[in-house]
Amino acid sequence: ERGQIFDGVLAVDYRFDDFENFLVDNYQASDTVVAIYEDEEPHYLIAVSTGTPASTEYLASDPSQLCPSASGAQYGSNECVTERLRIRDVRGSWHDDVVLEAFYKHKAAGYPEELLFVKSESEEIFSSQSALFQPAESNLRWRIIIASPAAEGTTDTILPGDSLFGPMILLGVVGVIVCGFFLVYFYSKRKVRAVAFADWKFTCLFIAGCGLMNFGTFTLLGENTNVTCLLRMWSFNLFFVVAVSPLFVKVWRMYRLTSSSFKRTTITNKQAAFYTLPLIVAQVGILLLFTFIDPPKPTEIIESDEGTITRRLVCQSDSNAFFVVETILKAGLVVAGCVLAYLQRNMEDQFGEPKQMLIAMYNIALVGTILSIVVHVADIDQSGMKMLQAIGVLWGSVLSAAAFVVPRMIQIHQGNGRRRNSNISVSGVFDAIPSSSELNSQSRSSSKFKLSALGIINEEEPDSRLETPKVKPPAKVAFEDDGEDQEKVDDPPTNSTSEDIVDA
(Lines give C-alpha, C1' and ligand atoms only; values in the text may rest on other atoms or scores of the structure.)
Protein backbone atom coordinates (compact mmCIF):
# COMPACT_ATOMS: atom_id res chain seq x y z
CA GLU A 1 0.00 0.00 0.00
CA ARG A 2 1.35 3.35 -1.06
CA GLY A 3 1.89 5.86 1.76
CA GLN A 4 1.00 9.57 1.69
CA ILE A 5 3.59 11.94 0.31
CA PHE A 6 4.53 15.04 2.29
CA ASP A 7 4.93 17.93 -0.15
CA GLY A 8 6.06 20.56 2.34
CA VAL A 9 4.76 23.60 4.32
CA LEU A 10 4.38 27.25 3.31
CA ALA A 11 4.42 29.69 6.17
CA VAL A 12 4.38 33.48 6.22
CA ASP A 13 5.54 35.23 9.34
CA TYR A 14 4.19 38.75 9.97
CA ARG A 15 5.38 40.89 12.82
CA PHE A 16 3.00 43.28 14.50
CA ASP A 17 5.36 46.01 13.39
CA ASP A 18 4.44 45.21 9.80
CA PHE A 19 0.72 45.85 10.47
CA GLU A 20 1.55 49.02 12.32
CA ASN A 21 3.76 50.33 9.53
CA PHE A 22 1.08 49.59 6.95
CA LEU A 23 -1.61 51.47 8.88
CA VAL A 24 0.65 54.40 9.67
CA ASP A 25 1.82 54.75 6.06
CA ASN A 26 -1.72 54.73 4.68
CA TYR A 27 -3.76 56.56 7.32
CA GLN A 28 -1.59 58.71 9.55
CA ALA A 29 -1.69 61.63 7.13
CA SER A 30 -5.52 61.46 6.95
CA ASP A 31 -8.26 62.05 9.51
CA THR A 32 -9.36 58.41 9.38
CA VAL A 33 -8.35 56.21 12.31
CA VAL A 34 -7.94 52.41 12.07
CA ALA A 35 -7.31 50.05 14.98
CA ILE A 36 -6.86 46.25 15.05
CA TYR A 37 -7.05 44.30 18.30
CA GLU A 38 -7.85 40.81 19.58
CA ASP A 39 -11.52 40.05 20.02
CA GLU A 40 -11.01 38.11 23.24
CA GLU A 41 -10.22 39.70 26.56
CA PRO A 42 -8.07 41.48 27.48
CA HIS A 43 -8.21 42.83 23.90
CA TYR A 44 -4.51 43.12 23.16
CA LEU A 45 -3.66 45.68 20.51
CA ILE A 46 -2.35 44.46 17.15
CA ALA A 47 -1.80 47.81 15.46
CA VAL A 48 -3.25 51.31 15.28
CA SER A 49 -2.86 53.98 12.61
CA THR A 50 -2.06 56.70 15.17
CA GLY A 51 1.43 55.20 15.55
CA THR A 52 1.06 54.07 19.15
CA PRO A 53 3.22 50.89 19.52
CA ALA A 54 1.36 47.64 20.24
CA SER A 55 3.95 46.59 22.86
CA THR A 56 6.59 48.07 25.14
CA GLU A 57 9.85 46.69 26.45
CA TYR A 58 11.22 47.55 29.85
CA LEU A 59 14.12 46.39 32.02
CA ALA A 60 13.40 43.35 34.10
CA SER A 61 15.33 44.89 36.95
CA ASP A 62 13.43 48.21 36.76
CA PRO A 63 9.97 48.11 35.11
CA SER A 64 9.83 51.93 35.17
CA GLN A 65 12.70 52.10 32.67
CA LEU A 66 12.32 51.28 29.00
CA CYS A 67 14.57 48.62 27.65
CA PRO A 68 17.75 50.13 26.12
CA SER A 69 17.19 48.00 23.01
CA ALA A 70 14.38 50.37 22.14
CA SER A 71 17.07 52.98 21.57
CA GLY A 72 19.22 50.67 19.47
CA ALA A 73 21.46 49.19 22.15
CA GLN A 74 21.86 45.42 22.10
CA TYR A 75 21.44 43.54 25.35
CA GLY A 76 20.60 39.98 26.19
CA SER A 77 16.96 39.06 26.07
CA ASN A 78 17.02 38.18 29.73
CA GLU A 79 17.52 41.84 30.60
CA CYS A 80 14.29 43.08 28.95
CA VAL A 81 10.63 42.18 29.34
CA THR A 82 8.06 42.70 26.57
CA GLU A 83 4.56 43.73 27.58
CA ARG A 84 1.70 43.88 25.07
CA LEU A 85 -0.59 46.89 25.15
CA ARG A 86 -4.33 46.52 25.63
CA ILE A 87 -6.55 48.69 23.45
CA ARG A 88 -8.11 50.34 26.48
CA ASP A 89 -4.60 51.55 27.42
CA VAL A 90 -3.99 53.29 24.10
CA ARG A 91 -3.16 56.94 24.67
CA GLY A 92 -0.59 59.57 23.93
CA SER A 93 -0.90 59.90 20.15
CA TRP A 94 -3.17 62.09 18.03
CA HIS A 95 -6.74 60.70 17.88
CA ASP A 96 -6.03 57.88 20.34
CA ASP A 97 -9.05 59.27 22.20
CA VAL A 98 -11.19 58.48 19.15
CA VAL A 99 -9.92 54.88 19.18
CA LEU A 100 -10.81 54.47 22.85
CA GLU A 101 -14.26 56.05 22.48
CA ALA A 102 -15.08 53.90 19.46
CA PHE A 103 -13.90 50.73 21.23
CA TYR A 104 -16.04 51.33 24.32
CA LYS A 105 -19.11 52.33 22.32
CA HIS A 106 -18.99 49.35 19.95
CA LYS A 107 -18.29 46.88 22.74
CA ALA A 108 -21.17 48.23 24.85
CA ALA A 109 -23.53 48.01 21.85
CA GLY A 110 -22.50 44.41 21.05
CA TYR A 111 -20.60 45.37 17.89
CA PRO A 112 -23.58 46.32 15.72
CA GLU A 113 -23.34 46.42 11.94
CA GLU A 114 -24.57 50.01 11.66
CA LEU A 115 -22.44 53.09 12.13
CA LEU A 116 -21.89 54.55 15.57
CA PHE A 117 -20.83 58.12 16.18
CA VAL A 118 -18.15 59.20 18.62
CA LYS A 119 -16.71 62.54 19.63
CA SER A 120 -13.08 63.38 20.06
CA GLU A 121 -11.77 65.45 22.95
CA SER A 122 -11.85 68.44 20.60
CA GLU A 123 -15.60 67.83 19.96
CA GLU A 124 -15.05 66.51 16.43
CA ILE A 125 -17.62 63.99 15.17
CA PHE A 126 -16.47 60.62 13.81
CA SER A 127 -18.55 57.83 12.29
CA SER A 128 -17.18 54.45 13.32
CA GLN A 129 -17.80 50.89 12.22
CA SER A 130 -16.42 47.57 13.46
CA ALA A 131 -15.83 44.28 11.69
CA LEU A 132 -14.65 40.82 12.76
CA PHE A 133 -11.62 39.33 11.01
CA GLN A 134 -11.66 35.53 11.35
CA PRO A 135 -9.99 33.47 8.61
CA ALA A 136 -11.55 30.11 7.81
CA GLU A 137 -10.24 27.13 9.79
CA SER A 138 -8.35 29.41 12.11
CA ASN A 139 -8.57 30.38 15.76
CA LEU A 140 -7.63 33.91 14.88
CA ARG A 141 -10.27 36.48 15.90
CA TRP A 142 -9.40 40.12 15.41
CA ARG A 143 -11.59 43.19 15.58
CA ILE A 144 -11.09 46.09 13.18
CA ILE A 145 -12.50 49.52 13.96
CA ILE A 146 -12.49 52.31 11.40
CA ALA A 147 -13.45 55.88 12.40
CA SER A 148 -13.82 58.65 9.81
CA PRO A 149 -14.74 62.33 10.22
CA ALA A 150 -18.47 63.05 9.89
CA ALA A 151 -20.63 66.16 9.76
CA GLU A 152 -22.91 67.17 12.60
CA GLY A 153 -26.50 67.98 11.64
CA THR A 154 -27.39 71.57 12.42
CA THR A 155 -31.11 71.50 11.61
CA ASP A 156 -32.31 69.41 14.55
CA THR A 157 -31.76 71.94 17.31
CA ILE A 158 -32.34 75.65 17.78
CA LEU A 159 -29.46 77.14 19.70
CA PRO A 160 -28.39 80.70 20.57
CA GLY A 161 -27.00 82.25 17.41
CA ASP A 162 -29.23 80.24 15.06
CA SER A 163 -31.47 82.18 12.69
CA LEU A 164 -34.64 80.76 14.28
CA PHE A 165 -33.63 81.34 17.90
CA GLY A 166 -34.80 84.96 18.00
CA PRO A 167 -38.16 84.34 16.26
CA MET A 168 -38.87 81.41 18.60
CA ILE A 169 -38.22 83.60 21.63
CA LEU A 170 -40.44 86.31 20.12
CA LEU A 171 -43.33 83.90 19.49
CA GLY A 172 -43.21 82.58 23.04
CA VAL A 173 -42.96 86.05 24.59
CA VAL A 174 -45.82 87.45 22.48
CA GLY A 175 -48.08 84.53 23.41
CA VAL A 176 -47.32 84.84 27.13
CA ILE A 177 -47.80 88.63 27.11
CA VAL A 178 -51.10 88.57 25.18
CA CYS A 179 -52.57 85.78 27.31
CA GLY A 180 -51.25 87.54 30.41
CA PHE A 181 -53.00 90.75 29.34
CA PHE A 182 -56.27 88.88 28.79
CA LEU A 183 -55.92 87.25 32.21
CA VAL A 184 -55.21 90.50 34.07
CA TYR A 185 -57.97 92.36 32.23
CA PHE A 186 -60.56 89.65 32.81
CA TYR A 187 -59.68 89.36 36.48
CA SER A 188 -59.78 93.14 36.99
CA LYS A 189 -63.29 93.23 35.49
CA ARG A 190 -64.59 90.26 37.47
CA LYS A 191 -67.25 92.38 39.24
CA VAL A 192 -68.62 93.76 36.00
CA ARG A 193 -71.83 92.12 34.82
CA ALA A 194 -70.54 91.03 31.39
CA VAL A 195 -67.47 89.34 32.90
CA ALA A 196 -69.36 87.91 35.87
CA PHE A 197 -71.79 86.26 33.47
CA ALA A 198 -68.82 84.53 31.84
CA ASP A 199 -67.97 82.54 34.98
CA TRP A 200 -64.73 84.52 35.34
CA LYS A 201 -62.92 82.08 37.63
CA PHE A 202 -62.85 79.21 35.17
CA THR A 203 -62.37 81.54 32.22
CA CYS A 204 -59.26 82.87 33.96
CA LEU A 205 -58.00 79.32 34.44
CA PHE A 206 -58.49 78.68 30.73
CA ILE A 207 -56.58 81.84 29.79
CA ALA A 208 -53.78 80.93 32.21
CA GLY A 209 -53.53 77.53 30.56
CA CYS A 210 -53.20 79.22 27.17
CA GLY A 211 -50.35 81.28 28.57
CA LEU A 212 -48.63 78.13 29.85
CA MET A 213 -48.88 76.58 26.39
CA ASN A 214 -46.95 79.55 24.98
CA PHE A 215 -44.45 79.29 27.82
CA GLY A 216 -43.86 75.71 26.68
CA THR A 217 -42.46 77.10 23.42
CA PHE A 218 -39.22 77.85 25.26
CA THR A 219 -38.69 74.13 25.91
CA LEU A 220 -38.22 73.62 22.16
CA LEU A 221 -34.92 75.48 22.36
CA GLY A 222 -31.57 73.92 23.20
CA GLU A 223 -29.86 70.59 22.68
CA ASN A 224 -31.76 67.33 22.31
CA THR A 225 -31.07 65.53 25.58
CA ASN A 226 -32.98 63.01 27.66
CA VAL A 227 -34.26 65.82 29.89
CA THR A 228 -35.30 68.21 27.11
CA CYS A 229 -36.99 65.46 25.10
CA LEU A 230 -39.15 64.49 28.08
CA LEU A 231 -39.79 68.13 28.99
CA ARG A 232 -41.14 68.87 25.52
CA MET A 233 -43.43 65.86 25.65
CA TRP A 234 -44.81 66.86 29.04
CA SER A 235 -45.12 70.62 28.64
CA PHE A 236 -47.26 70.87 25.52
CA ASN A 237 -49.58 67.94 26.17
CA LEU A 238 -50.12 68.69 29.86
CA PHE A 239 -50.62 72.43 29.40
CA PHE A 240 -53.14 71.79 26.63
CA VAL A 241 -55.33 69.67 28.92
CA VAL A 242 -54.83 72.11 31.81
CA ALA A 243 -56.21 74.84 29.54
CA VAL A 244 -59.26 73.09 28.09
CA SER A 245 -60.32 71.22 31.23
CA PRO A 246 -61.66 74.28 33.15
CA LEU A 247 -63.20 75.55 29.91
CA PHE A 248 -65.20 72.34 29.49
CA VAL A 249 -66.29 72.35 33.13
CA LYS A 250 -67.34 76.00 32.92
CA VAL A 251 -69.54 75.38 29.87
CA TRP A 252 -70.90 72.10 31.24
CA ARG A 253 -71.78 73.67 34.60
CA MET A 254 -73.69 76.49 32.95
CA TYR A 255 -75.60 73.96 30.88
CA ARG A 256 -76.45 71.88 33.94
CA LEU A 257 -77.55 74.88 35.96
CA THR A 258 -79.95 76.00 33.25
CA SER A 259 -81.02 72.62 31.93
CA SER A 260 -84.71 71.87 31.57
CA SER A 261 -85.61 70.30 34.88
CA PHE A 262 -87.52 71.35 37.97
CA LYS A 263 -85.00 69.61 40.19
CA ARG A 264 -82.74 71.96 42.13
CA THR A 265 -79.13 71.62 41.03
CA THR A 266 -76.22 72.67 43.20
CA ILE A 267 -72.67 72.87 41.83
CA THR A 268 -70.24 74.72 44.07
CA ASN A 269 -67.00 76.20 42.82
CA LYS A 270 -65.10 73.54 44.74
CA GLN A 271 -67.13 70.80 43.06
CA ALA A 272 -66.58 72.37 39.65
CA ALA A 273 -62.85 72.61 40.34
CA PHE A 274 -62.87 68.94 41.30
CA TYR A 275 -64.51 68.08 37.98
CA THR A 276 -61.50 69.52 36.14
CA LEU A 277 -59.23 66.89 37.65
CA PRO A 278 -60.24 63.72 35.73
CA LEU A 279 -58.95 65.01 32.39
CA ILE A 280 -55.75 66.29 33.97
CA VAL A 281 -55.18 63.06 35.90
CA ALA A 282 -55.81 61.01 32.74
CA GLN A 283 -53.25 63.07 30.81
CA VAL A 284 -50.69 62.78 33.61
CA GLY A 285 -51.26 59.02 33.68
CA ILE A 286 -50.63 58.76 29.94
CA LEU A 287 -47.47 60.85 30.21
CA LEU A 288 -46.16 58.81 33.14
CA LEU A 289 -46.89 55.55 31.33
CA PHE A 290 -44.94 56.52 28.22
CA THR A 291 -42.19 58.16 30.26
CA PHE A 292 -41.30 54.71 31.57
CA ILE A 293 -42.24 52.31 28.75
CA ASP A 294 -41.44 54.33 25.61
CA PRO A 295 -39.94 57.73 26.40
CA PRO A 296 -38.67 60.08 23.72
CA LYS A 297 -34.89 60.12 23.78
CA PRO A 298 -32.03 61.43 21.67
CA THR A 299 -31.79 59.10 18.68
CA GLU A 300 -29.02 59.08 16.11
CA ILE A 301 -29.99 59.25 12.45
CA ILE A 302 -27.31 58.67 9.80
CA GLU A 303 -27.51 60.33 6.42
CA SER A 304 -25.05 59.85 3.57
CA ASP A 305 -24.88 62.28 0.68
CA GLU A 306 -22.18 61.91 -1.98
CA GLY A 307 -19.78 60.26 0.42
CA THR A 308 -20.39 62.75 3.22
CA ILE A 309 -21.81 61.14 6.35
CA THR A 310 -24.00 63.36 8.52
CA ARG A 311 -25.04 62.54 12.02
CA ARG A 312 -28.38 63.87 13.24
CA LEU A 313 -29.68 63.68 16.80
CA VAL A 314 -33.45 63.93 17.21
CA CYS A 315 -35.95 63.27 20.01
CA GLN A 316 -37.70 60.07 19.04
CA SER A 317 -39.59 57.18 20.66
CA ASP A 318 -39.30 53.55 19.69
CA SER A 319 -42.90 53.48 18.41
CA ASN A 320 -45.73 55.79 17.38
CA ALA A 321 -47.99 54.63 20.22
CA PHE A 322 -47.79 57.91 22.14
CA PHE A 323 -48.60 59.95 19.03
CA VAL A 324 -51.65 57.77 18.31
CA VAL A 325 -52.95 57.97 21.91
CA GLU A 326 -52.52 61.75 22.09
CA THR A 327 -54.17 62.25 18.70
CA ILE A 328 -57.21 60.26 19.82
CA LEU A 329 -57.37 62.15 23.13
CA LYS A 330 -57.15 65.61 21.56
CA ALA A 331 -59.63 64.71 18.81
CA GLY A 332 -62.02 63.50 21.50
CA LEU A 333 -61.63 66.76 23.42
CA VAL A 334 -62.39 68.79 20.28
CA VAL A 335 -65.53 66.71 19.65
CA ALA A 336 -66.57 67.10 23.30
CA GLY A 337 -66.15 70.86 23.02
CA CYS A 338 -68.35 70.96 19.93
CA VAL A 339 -71.02 68.89 21.71
CA LEU A 340 -70.99 71.29 24.68
CA ALA A 341 -71.36 74.23 22.32
CA TYR A 342 -74.33 72.51 20.66
CA LEU A 343 -76.00 71.93 24.02
CA GLN A 344 -75.71 75.66 24.76
CA ARG A 345 -77.16 76.75 21.43
CA ASN A 346 -80.48 77.96 22.93
CA MET A 347 -78.96 79.68 25.94
CA GLU A 348 -78.93 83.46 26.15
CA ASP A 349 -75.68 85.06 25.01
CA GLN A 350 -75.18 86.70 28.41
CA PHE A 351 -75.04 83.26 30.04
CA GLY A 352 -73.94 80.75 27.41
CA GLU A 353 -70.98 81.04 25.05
CA PRO A 354 -71.60 78.51 22.26
CA LYS A 355 -70.08 80.69 19.57
CA GLN A 356 -66.92 81.26 21.56
CA MET A 357 -66.67 77.54 22.27
CA LEU A 358 -67.04 76.70 18.59
CA ILE A 359 -64.39 79.25 17.65
CA ALA A 360 -61.97 77.80 20.20
CA MET A 361 -62.56 74.23 19.05
CA TYR A 362 -62.38 75.28 15.40
CA ASN A 363 -59.00 76.94 15.98
CA ILE A 364 -57.60 73.93 17.79
CA ALA A 365 -58.84 71.51 15.12
CA LEU A 366 -57.65 73.73 12.26
CA VAL A 367 -54.18 74.27 13.70
CA GLY A 368 -53.77 70.57 14.49
CA THR A 369 -54.92 69.52 11.01
CA ILE A 370 -52.65 71.99 9.22
CA LEU A 371 -49.62 71.01 11.27
CA SER A 372 -50.26 67.28 10.74
CA ILE A 373 -50.59 67.72 6.97
CA VAL A 374 -47.49 69.91 6.68
CA VAL A 375 -45.36 67.62 8.84
CA HIS A 376 -46.31 64.45 6.93
CA VAL A 377 -46.32 65.92 3.43
CA ALA A 378 -43.66 68.63 3.29
CA ASP A 379 -39.95 67.95 3.66
CA ILE A 380 -39.23 70.05 6.75
CA ASP A 381 -36.31 69.63 9.10
CA GLN A 382 -36.66 69.43 12.88
CA SER A 383 -36.00 73.11 13.52
CA GLY A 384 -38.65 74.05 10.97
CA MET A 385 -41.16 71.74 12.66
CA LYS A 386 -40.44 73.38 16.01
CA MET A 387 -41.03 76.78 14.45
CA LEU A 388 -44.36 75.59 13.03
CA GLN A 389 -45.37 74.22 16.43
CA ALA A 390 -44.58 77.55 18.09
CA ILE A 391 -46.66 79.41 15.48
CA GLY A 392 -49.53 76.94 15.89
CA VAL A 393 -49.51 77.28 19.68
CA LEU A 394 -49.51 81.08 19.45
CA TRP A 395 -52.29 81.11 16.88
CA GLY A 396 -54.53 78.55 18.56
CA SER A 397 -54.11 79.74 22.15
CA VAL A 398 -54.35 83.48 21.57
CA LEU A 399 -57.33 83.31 19.22
CA SER A 400 -59.14 80.84 21.50
CA ALA A 401 -58.58 83.06 24.52
CA ALA A 402 -59.60 86.13 22.53
CA ALA A 403 -62.86 84.41 21.53
CA PHE A 404 -63.92 84.48 25.19
CA VAL A 405 -62.38 87.79 26.23
CA VAL A 406 -62.94 90.18 23.30
CA PRO A 407 -66.78 89.87 23.22
CA ARG A 408 -66.92 90.70 26.92
CA MET A 409 -64.58 93.64 26.36
CA ILE A 410 -66.92 94.95 23.67
CA GLN A 411 -69.92 94.57 25.97
CA ILE A 412 -68.14 96.51 28.68
CA HIS A 413 -67.21 99.35 26.37
CA GLN A 414 -70.74 99.45 25.02
CA GLY A 415 -72.11 99.92 28.52
CA ASN A 416 -73.74 96.47 28.80
CA GLY A 417 -71.51 95.38 31.62
CA ARG A 418 -71.26 98.08 34.24
CA ARG A 419 -69.34 97.60 37.45
CA ARG A 420 -71.43 96.57 40.44
CA ASN A 421 -71.18 98.67 43.57
CA SER A 422 -70.03 97.35 46.92
CA ASN A 423 -73.61 96.27 47.73
CA ILE A 424 -73.09 93.21 45.53
CA SER A 425 -71.64 90.22 47.35
CA VAL A 426 -70.09 87.82 44.87
CA SER A 427 -69.89 84.24 46.04
CA GLY A 428 -71.22 82.37 43.03
CA VAL A 429 -70.63 82.42 39.34
CA PHE A 430 -72.21 85.79 38.40
CA ASP A 431 -72.78 89.21 39.89
CA ALA A 432 -75.96 89.64 37.87
CA ILE A 433 -78.85 91.04 39.87
CA PRO A 434 -82.32 92.34 39.05
CA SER A 435 -83.43 95.91 39.50
CA SER A 436 -85.48 97.01 42.49
CA SER A 437 -88.46 97.84 40.28
CA GLU A 438 -88.62 94.26 39.09
CA LEU A 439 -88.37 92.90 42.61
CA ASN A 440 -91.14 95.19 43.84
CA SER A 441 -93.44 94.06 41.02
CA GLN A 442 -93.84 90.70 42.75
CA SER A 443 -95.06 89.94 46.23
CA ARG A 444 -91.97 89.03 48.26
CA SER A 445 -94.13 87.53 50.99
CA SER A 446 -95.30 84.67 48.78
CA SER A 447 -91.90 83.37 47.69
CA LYS A 448 -88.40 84.42 46.78
CA PHE A 449 -87.45 84.02 43.20
CA LYS A 450 -83.81 83.32 42.88
CA LEU A 451 -81.16 81.92 40.63
CA SER A 452 -78.10 81.63 42.80
CA ALA A 453 -76.09 80.41 39.85
CA LEU A 454 -76.41 83.88 38.31
CA GLY A 455 -75.33 85.88 41.37
CA ILE A 456 -75.83 86.55 45.06
CA ILE A 457 -76.61 89.84 46.77
CA ASN A 458 -76.88 90.90 50.32
CA GLU A 459 -80.56 91.45 51.08
CA GLU A 460 -79.67 93.94 53.79
CA GLU A 461 -78.38 96.39 51.17
CA PRO A 462 -80.94 98.73 49.57
CA ASP A 463 -82.17 97.64 46.19
CA SER A 464 -82.33 101.20 44.88
CA ARG A 465 -78.65 101.20 44.05
CA LEU A 466 -78.89 98.26 41.66
CA GLU A 467 -78.90 98.96 37.95
CA THR A 468 -79.66 96.09 35.65
CA PRO A 469 -81.56 95.62 32.41
CA LYS A 470 -85.22 94.76 32.88
CA VAL A 471 -86.27 91.15 32.52
CA LYS A 472 -89.32 90.43 30.47
CA PRO A 473 -92.34 89.30 32.53
CA PRO A 474 -93.43 86.97 33.91
CA ALA A 475 -89.91 85.82 34.61
CA LYS A 476 -88.56 87.20 37.88
CA VAL A 477 -85.11 86.56 39.27
CA ALA A 478 -84.14 87.31 42.85
CA PHE A 479 -80.92 86.72 44.71
CA GLU A 480 -79.89 86.22 48.25
CA ASP A 481 -76.59 85.83 50.03
CA ASP A 482 -76.63 82.37 51.50
CA GLY A 483 -73.07 82.70 52.77
CA GLU A 484 -71.81 79.75 50.76
CA ASP A 485 -69.49 79.57 47.74
CA GLN A 486 -71.90 77.62 45.60
CA GLU A 487 -74.10 77.77 42.54
CA LYS A 488 -77.81 76.89 42.80
CA VAL A 489 -80.53 76.85 40.20
CA ASP A 490 -84.13 75.86 40.00
CA ASP A 491 -84.03 74.28 36.57
CA PRO A 492 -86.52 75.58 33.98
CA PRO A 493 -89.10 73.62 32.07
CA THR A 494 -88.25 72.25 28.66
CA ASN A 495 -87.30 74.89 26.06
CA SER A 496 -87.16 77.56 28.73
CA THR A 497 -84.48 80.20 28.96
CA SER A 498 -82.69 81.53 31.98
CA GLU A 499 -85.36 84.17 32.36
CA ASP A 500 -88.01 81.52 32.96
CA ILE A 501 -86.30 80.08 36.00
CA VAL A 502 -88.29 80.73 39.14
CA ASP A 503 -88.46 79.37 42.63
CA ALA A 504 -92.10 78.37 42.98
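Select Arg232, which sits in helix H6, residues 226–257; helices (H or I, at least four residues) and strands (E, at least two) are DSSP runs numbered from the N terminus. This is a predicted model, in which local features need pLDDT of at least 70 and side-chain atom pairs count only at pLDDT 80 or more, while totals for chains, interfaces and linings use all residues. Residues are numbered from 1 along each chain as its sequence is written, and side-chain values use heavy atoms, with hydrogens and water left out.

Arg232 is buried but has no salt bridge. Buried means under 20% relative accessible area, with exposed over 50% and partly exposed in between (1.4 Å probe, protein chains only). A salt bridge is a side-chain nitrogen of Lys or Arg within 4 Å of a carboxyl oxygen of Asp or Glu. Lys and Arg count as positive, Asp and Glu as negative; His and the chain ends are not counted. Leaving out residues up to four places away in sequence, Arg232 touches several residues, including Cys315 and Lys386; contact means heavy atoms within 4.5 Å.

Now select Phe186, Phe206, Ile207 and Met357, the residues with the most contacts inside the largest nonpolar core, which has 46 residues. Such a core is a set of buried Ala, Val, Leu, Ile, Met, Phe, Trp, Tyr and Cys residues joined through side-chain atoms within 4.5 Å. Helices supplying at least two residues each include H3 (165–188), H6 and H11 (382–413). H11 gives the most, with 12 residues. Beyond four places in sequence, contacts of Phe186 include Trp200, Ile207 and Phe404. Apart from this core lies another of 18 residues, among them Ala35, Ala102, Tyr111 and Val118.

Move to strands E5 (residues 116–119) and E6 (residues 125–133), which pair in the antiparallel sense over four bridges; strands pair if DSSP finds at least two bridges between them. Lys119 stands opposite Ile125 in E6. Five residues lie between the strands of this hairpin, where Glu123 takes a positive phi near 70°. E6 also pairs with E7 (residues 142–149), antiparallel over eight bridges, and Leu132 stands opposite Arg143 in E7.

Finally, colour by pLDDT, the predictor's confidence in each residue, from 0 to 100. The protein's mean is 74, and 73% of its residues reach 70 or more. Confidence is highest in H3, at 94, and lowest in strand E12 (residues 488–490), at a mean of 38. Over residues 416–504 the pLDDT is below 50.
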